[in-house]
Amino acid sequence: MARAREEAKTEEAGPRPGGRPRDAALDEAIILATRARLVRDGYSQMTIGDIAADAKVSRPTLYRRWTTKFDLVVDALDYGFRKQRDSYKVDLSSMAPREALVEAVRRLDPTYFNPDAMVLMGNFAGEAIRTPELLGILREHSVEPRVTLVENVLKQLQESGAVRAGIDRHTIATMCFGSYFAAFYRGETREGIPEAVVSVLWPAIAAEKKPRRRS
């Protein structure tokens, strides 16, 4: 038992980093191996040894870069977040109002950039008791930017007069986000979700067209 505890401690916190120059290609190999292990094994079950083997590096090489498994996972998540940030924007200038909302709902899809995102989110939800910080990071950098995108698009559509002023943007955005999880758990495809969701919402939120005055 004491040996198991010692191995777990070694697994979580390795030697302090040395002064050797960083190799960006090696760093990326470790990051990608970590992301793959997060999907396959989840945070609790993944091990530094498995990650090192997948990345074809030694454990000391890995520990020179990250002293704990948690720090490594934080950087692995940030790697994905940085690649996704450009997807949290929608240019409305060339879009019709309804089309703009459809596009915003499409960007809500957790798998819009990462096809493994649903599984990854499920793994982190399962860690909510043991490692709640991971779910907090996911909320801040992956969930909130997506939901806020829809809220911002709705606000812009309100300001342009295309959408009613009194709508609850927060609830609408949350419902749209939840539609992807409902489809995932029901075993349905996600491709038609943006158009289907907006077709239900639009009649309820679109501003009434004012009748034209006769000259």
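How many helices and strands are there in the protein? There are 10 helices and 0 strands, where helices (H or I, at least four residues) and strands (E, at least two) are DSSP runs numbered from the N terminus. The model is predicted: local features need pLDDT of at least 70 and side-chain atom pairs count only at pLDDT 80 or more, while totals for chains, interfaces and linings use all residues. Residues are numbered from 1 along each chain as its sequence is written, and side-chain values use heavy atoms, without hydrogens and water.

Of the 215 residues, 42% count as buried (under 20% relative accessible area, with a 1.4 Å probe and protein chains only). R37, in helix α2 (residues 24-45), is buried, with a relative accessible area of 14%. Leaving out residues up to four places away in sequence, R37 touches G42, M46, D50, I51 and D54; contact means heavy atoms within 4.5 Å.

| Helix | Residues | Residues in the contact |
|---|---|---|
| α9 | residues 169-186 | I172, C176, S179, Y180 and A183 |
| α10 | residues 193-205 | I193, P194, V197, L201 and I205 |

The α9 and α10 axes, lines fitted to C-alpha atoms over the stretch in contact, with angles from 0 to 180 degrees between N-to-C directions, are 11 Å apart at an angle of about 150°. The two helices are therefore roughly antiparallel to each other (angles over 145 degrees). By class, the contact of α9 with α10 has 9 nonpolar, 1 polar and no charged residues; Ala, Val, Leu, Ile, Met, Phe, Trp, Tyr, Cys and Pro count as nonpolar, Asp, Glu, Lys and Arg as charged, and the others as polar.

Conventions:
Buried < 20%, exposed > 50% of the residue type's maximum accessible area, 1.4 Å probe, protein only. Parallel < 35°, antiparallel > 145°, perpendicular 65-115°, else oblique.
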